[in-house]
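The report below describes one protein model in terms of its sheets, helices and packing. Please read it alongside the sequence and the structure.

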Amino acid sequence: MRWTETFIPTHKEDPTEAEVISHKLMVRAGLMRKLTSGVYTYLPLGLRAIKKVEQIVREEMNRAGALELLMPILHPGELWQESGRWDLYGKELMKVTDRHQRNFALGPTHEEVITDLLRNHIRSYRRLPLTFYQIQTKFRDEIRPRFGVMRAREFVMKDAYSFHENEASLDKTYQRMYEAYARIFQRCGLSTAPVQADSGVIGGDVTHEFMVLADNGESEILSCECGYAATREGARSLIPPYSIEEKAKPLEKVNTPGAHTVEQVTEFLNVDAKRLIKTILYRCDDRVVAVLIRGDRDINEAKVRRSRECAKLEMATPEEILKVSGAPVGFTGPVGLKGVELISDKSLQGLVNVVVGANEDQAHLINTNFPRDFAIDSFESLHMAQAGDLCPACGKPLTSRRGIEVGQIFKLGTKYSTSMRATFLDQDGRELPFIMGCYGIGITRTVAAAIEQYHDEGGIIWPITIAPYQLLILPLNVDDEKTIATAEQLYETLSEAGLEILMDDRDERAGFKFKDADLIGIPLRLTVGEKSLEEGKVELKLRRDDQVLKIDQDKAVAHVVKLIHKERSAIENVSAKK
């Protein structure tokens, strides 16, 4: 492809709304343009990279035994009502109404649709297991679209779904998909870390996220040298105990005017936040529960939701807090709290003479002790893990790094098959719900993650397997007959050899073309100039380093082909071993 015949609108300046490097470079390098908030048009250069990722994903899904299909993006609302997610999914579910006032949703994911398909066509265990996948546009009405395609409303995703007669069968497919994902991201040239995670609104008990390690990653990964790794939301950890050797003192109420946050209360009473108990009220489906946690820690709501087995968990409203506790927000406490279940994080065990809300406006209780002053229904691990906590596997401190989620796999169990009555007959003639798994990869997000991982001050540095083109031929002076003739000859010969080539045939200054070359990040650059040609040479440069090689003009084709094969093999051979 010649530059003058394609469309690559590069820019010198960063877009004003861009916060992360991938967003900046995808716009500056002419990969995409914004249509509206969180919605982008992918331009020829960007689409070529997307298609490269899609092809790798497709090859590995086929290799893993999955069957490709294509499902609609428009979903009947009744399917989501059957699964219970019509309201549970929240405002990210884009709901629309047709001319007959029937409810539909723009699919953010396709569990309901694929379950409906299988329940109507698969009746016997003899047809199981089955795994289907698609590469499809998804829509999620993000409250705050940001980071370009990393947190967009419309995006391209590969989603796969498996159906099984038993857990052992699901385990095999889950492991096969785990291995396929490792190969996919390796073939894309990415350094990834699979970590334990939270399943969120998708559901399921077991899930792993595949993270591209990047300094600007939106997710925090907690890991240990023993090999344990998880997202902060999915991580388990042990909190170093905090206790003071002192006897229980008499309970006492104190006025705390204007002090309702942890910072305000601890400053007013001159106590460590570790000796304050936060009492947070949650609406768990149709009931209210009180969660107690140490003042210096945050609650992991995913853990609370799982421990109480509730479909929907949200913080109680100020009105509900006032009704349950008799006090406004900031003054709720466990002493005398009636009609709600009290669950506590394990970090509260061993604490004495702590501060709690008094369930009275502008007041707290000091020297509170349990079980003397209140009873706790259960102690559980409910805190949000953080760096410095102790690893649950070996007890050593956890460390923190950043990552970008590019894929996630789930063991769904019977979450959807039970609610949607999707069943099969087993070998004994019993009617049982399908056991399911699902497996997603963000295609456009993977492209952005590659840019986050591979870039420099000049622009993108594409891994060769997903680069829009493998080679950029850059004639310095298109008005010089020998220069342009040599460039054209190299272009034709290398194209015939099967290489993907972009030739910058624009009549622009050399410096301008070099800057654009670095910006768009094609892995190899072959420069053809008058001075080098006088020596019978052309210049070859890898985008990822500064070394420029002068090679004989008549050996350029063989050298380039060999180098591209070497670059691809360095990635492909590693993935083949996995």
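Arg-525 stands opposite Lys-541 in β30. Helices (H or I, at least four residues) and strands (E, at least two) are DSSP runs, numbered from the N terminus. The model is predicted: local features need pLDDT of at least 70 and side-chain atom pairs count only at pLDDT 80 or more, while totals for chains, interfaces and linings use all residues. Residues are numbered from 1 along each chain as its sequence is written, and side-chain values use heavy atoms, with hydrogens and water left out.

Another pair between strands is Thr-527 opposite Glu-539 in β30. Strand β29 (residues 524-528) and strand β30 (residues 537-542) are joined by four bridges in the antiparallel sense; two strands pair if DSSP finds at least two bridges between them. β30 is also joined to β31, by five bridges and again antiparallel. Lys-537 has Asp-552 of β31 opposite. With five residues between them, β30 and β31 make a hairpin.

The open sheet has five strands in the order β28-β27-β29-β30-β31, and its pairing is mixed. β28 (501-503) and β31 (548-552) are the edge strands with a single partner strand each, so one side of each has no neighbour in the sheet. From one strand to the next, the twist averages 25°.

Two helices pack on this sheet. Helix α12 (residues 481-496) touches β27 (471-475), β28, β29 and β30, and its direction makes about 165° with that of β27. Helix α13 touches β27, β28 and β29, at about 175° to the direction of β27. Contact means heavy atoms within 4.5 Å. Axes are lines fitted to C-alpha atoms, for helices over the stretch in contact, and angles run from 0 to 180 degrees between N-to-C directions.

| Strand pair | Bridges or residue pair |
|---|---|
| β29 and β30 | four bridges, antiparallel |
| β30 and β31 | five bridges, antiparallel |
| β4 and β6 | three bridges, antiparallel |

## Antiparallel three-stranded sheet

Three strands, in the order β4-β6-β5, form an open sheet with antiparallel pairing. Its edge strands are β4 (74-76) and β5 (94-97), each of which pairs on one side only. On average, neighbouring strands of this sheet are turned by 40° against each other, direction ignored. β4 and strand β6 (residues 103-106) run antiparallel and share three bridges.

## Packing of α2 on α6

Two packed helices are described by the angle between their axes and the distance between the axes. For helix α2 (residues 44-63) and helix α6 (residues 167-187), the angle is about 155° and the axes are 10 Å apart. That makes α2 roughly antiparallel to α6, a label for angles over 145 degrees, with under 35 counted as roughly parallel, 65 to 115 as roughly perpendicular and the rest as oblique. The residues of α2 in this contact are Ile-56, Val-57, Glu-59, Glu-60, Met-61 and Arg-63, and those of α6 are Met-177, Ala-180, Tyr-181, Arg-183, Ile-184 and Arg-187. Seven of the residues in the contact of α2 with α6 are nonpolar, five are charged and none is polar. Ala, Val, Leu, Ile, Met, Phe, Trp, Tyr, Cys and Pro count as nonpolar, Asp, Glu, Lys and Arg as charged, and the others, Gly among them, as polar.

## Buried helices

Helix α1 (residues 21-28) has six of its eight residues buried, so it is largely enclosed by the rest of the structure. Buried means under 20% relative accessible area, exposed over 50%, and partly exposed in between (1.4 Å probe, protein chains only). In α1 the buried residues are Ser-22, His-23, Leu-25, Met-26, Val-27 and Arg-28. They pack against β1 (32-36), β2 (39-42), α11 (443-453), β25 (455-456), β26 (459-460) and α13 (510-520).

Helix α5 (residues 111-119) is mostly covered, with seven of its nine residues buried. These are Glu-111, Glu-112, Val-113, Ile-114, Thr-115, Leu-118 and Arg-119.

## Whole protein

The protein has 15 helices and 31 strands. Of its 578 residues, 54% count as buried.
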